[in-house]
Amino acid sequence: GFLQPRFQRFVLIAQLLIWLATVFLVYKIGQSVNLSGNWLFVLLIGFISTSWILVTYIYDPVLTQFFLVLGTFALCTWLKNPTSMWWILLSGVSFSISALIRPTFQILTPLLAVIVWLLSRKSLNKNGLKVAFIFLMSWVLLVGSYSFRNYVNHGFFGVSCATGLSLSGRA
């Protein structure tokens with residue numbers, strides 16, 4: 001069952017690994033943007049109370065935080081190497097998953113797609129529209145398919161915390 005010590009230990013270890021990965025990615029983001037005091041951000045992210053809360057399920061703020069940081073890391077990596085489309089795809093998927101977990105981030109991916117397109121145009125990158133399309137399509141496929149699922153099952157097209165129609169199912 002869910003309250004067995006073995007399951008609780010597994011969830012605790014998984015939650016701690018997600019938290020450690022988040023802290024490591026924050027450090028790598030600081031390195032990639034040449035931030036001199038990036039250790040301060042690592043300390044700040046490490047001591048946010050929702051980052052290390054120990055409960056018997058994967059806490060959705062920790063998971064959302066991880067996917068937001070992973071998306072930011074992938075976006076920063078793509079900005080340094082704009083020829084690799086895998087980084088922009090990983091970024092779009094990560095931001096889209098965070099929107100599924102916490103619907104307050106739903107508008108983030110389309111907004112970032114516009115910013116990515118504008119950055120690509122400014123740097124005279126001929127793949128700007130393609131990059132923005134890849135970034136946006138990850139959002140359309142993930143969030144759109146879950147919204148369609150909600151429409152079929154509940155008559156509501158969208159992802160919402162108010163109705164519990166998100167992956168976390170909590171407000």
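**A tour from α6 to the cores**

Select glycine 155 first: this residue, just after α6, has a positive phi of about 75°. The model is predicted: local features need pLDDT of at least 70, side-chain atom pairs count only at pLDDT 80 or more, and totals for chains, interfaces and linings use all residues. Residues are numbered from 1 along each chain as its sequence is written, and side-chain values use heavy atoms, with hydrogens and water left out.

Next, select residues 128-154, helix α6 (helices are DSSP runs of H or I, at least four residues, numbered from the N terminus). Its 27 residues should span 39 Å at 1.5 Å a residue, and the end C-alpha atoms lie 37 Å apart, which agrees; the expected span is 1.5 Å times one less than the number of residues. Colour the buried residues of α6, among them Val131, Ile134, Phe135 and Ser138 (buried: under 20% relative accessible area, 1.4 Å probe, protein chains only).

Residues of α4 including Ile88 and Phe95 meet α6 residues including Phe135 and Leu142 (contact: heavy atoms within 4.5 Å).

Now select Leu25, Ile29, Phe66, Phe67, Val69 and Leu70, which touch the most other members of the 13-residue largest nonpolar core (buried Ala, Val, Leu, Ile, Met, Phe, Trp, Tyr and Cys joined through side-chain atoms within 4.5 Å). Its largest share, seven residues, comes from α3. Finish with Trp78, Leu112, Val131 and Ile134, included in a second, separate core of 12 residues.

Methods:
Helix = DSSP H or I, 4+ residues; strand = E, 2+ residues; numbered from the N terminus. Buried < 20%, exposed > 50% of the residue type's maximum accessible area, 1.4 Å probe, protein only.
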